[in-house]
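Visitor: I have a new structure to look at. Could you help me learn to read it?

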Amino acid sequence: MNRFILLVCFTFIVPLHAQRSDFNKIDFTKAEHIANRYKGEDLTNLPLLVHHLTSQLETDAERFKAIYYWVSHNISGNYDLMHTNERTRKKLKNDPEELQRWNHQFKKEVFTKLLSDKETLCTGYAYLIKVLSNLAGLECTIIHGYDLNNSAKSNKQNGPNHSWNAIKLNGKWYLCDATWSAGYTDMSNFLFEFEYDNTYFLMKPSEFVKTHKPLDEKWTLLPLSTEVHDSKKKL
Amino acid sequence: MKTQSISIHQNALKTIGLFCLVMAFGLFTNQMNAQTQTTERTVTGTVTSTDGVVPLATVILKGTNIGISCDENGKFTFPQKLKENDVLIITSLGYKDREMKITGNTTFIEPFLDDIPLIIVGALRTKPSNNN
């Protein structure tokens, strides 16, 4: 019986602890310093960029920080892409075939813009974080869902409107949002301003869920998520 | 006298035969060398996808940092001579990576990159942070 209680507790405690404070003992200064040293590098040789960013760092958390910090300081948000995407998805929401065709074309446009101008929208940020992390040997995934900061945009009828990442460090999943860490769009002139915000780096899941609702509930990383329910059933 | 003449003839034939053998061996050895020299070659190529050429893809020699970016037309000339069994990794944002092994006398490759299934969505932060 005691063993059973311990197992149940463990199931709940593990996700609750998946947050930045797990790495309080790690000094991220070196990772940030390295990311700053490679400011302005282009995206044409990603394996080399990852090598530059991570080869001198000892822990996975530092390696991920260097990647996250570099992306957040070098990739700008592009309001036009976001606006076009939002408008077209709304327009084509009842025509899935046309929407798929358009998405294929738009995807190419998004990646070309990212590669040549280092500008993108949230899926571009999330994709780049994933690719760079994978190149560094880290498990990383893209999460699609809803930005709860703007209730009008979070209308479920229009589908998900935001993407972010989950990263596995030391066997545990953590959440982060490089789009919101990077900066903001000044709505008076629609220009992007870099303004690094570290709060979205490995944010506590209970805080993260207040502004990010994933399509798949298990990616809240909260105890009541599907994955935990499944684990409980197995017990 | 006749016997001596035949013996000289035989000797001459033997010498010529040996000479031919040496020459043939020499030729064979040269051919071997020539084959060794051709195993290293300059490799060029064009990176493509279902939509045609992929501009600005990256081509890297596996296990090294030696690589090159393709031009706007997806074309590249690898900066180092390659030999049989070298593996090139071809990457480009928005596509799955592809590995290609150099075989035989390959000097031109046309890597085909598969699309990744990705739905593009976007929400940017529109306010300065209160957290800094």
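Visitor: Which residues of H3(A) meet H7(A)?

Guide: Two residues are in contact if their C-beta atoms, placed from the backbone, lie within 7 Å. Here A:Leu46, A:Pro47 and A:Val50 of H3(A) meet A:Val131, A:Leu132 and A:Leu135 of H7(A). By class, this contact has six nonpolar, no polar and no charged residues. This is a predicted model, where local features need pLDDT of at least 70 and side-chain atom pairs count only at pLDDT 80 or more, while totals for chains, interfaces and linings use all residues. Residues are numbered from 1 along each chain as its sequence is written, with chains lettered from A and ligands numbered from 1 in the order in which they are written.

Visitor: At what angle do the axes of H3(A) and H7(A) cross?

Guide: Axes are lines fitted to C-alpha atoms, for helices over the stretch in contact, and angles run from 0 to 180 degrees between N-to-C directions. The axes of H3(A), residues 46–54, and H7(A), residues 122–135, cross at roughly 70° and come within 9 Å. That makes H3(A) roughly perpendicular to H7(A) (65 to 115 degrees).

Visitor: Is H4(A) largely enclosed or open?

Guide: A residue is buried if 20 or more other C-beta atoms lie within 10 Å of its own. In H4(A), 12 of the 15 residues are buried, so this helix is largely enclosed by the rest of the structure. Among the buried ones are A:Phe64, A:Ile67 and A:Trp70.

Visitor: How many residues does each chain bring to the contact between chains A and B?

Guide: Chain A gives 40 residues and chain B gives 24 residues. On the side of chain A that touches chain B, the largest share, eight residues, comes from H6(A).

Note on methods:
Helices (H or I, at least four residues) and strands (E, at least two) are DSSP runs, numbered from the N terminus. Angles under 35 degrees count as roughly parallel, over 145 as roughly antiparallel, 65 to 115 as roughly perpendicular and the rest as oblique. Ala, Val, Leu, Ile, Met, Phe, Trp, Tyr, Cys and Pro count as nonpolar, Asp, Glu, Lys and Arg as charged, and the others, Gly among them, as polar.
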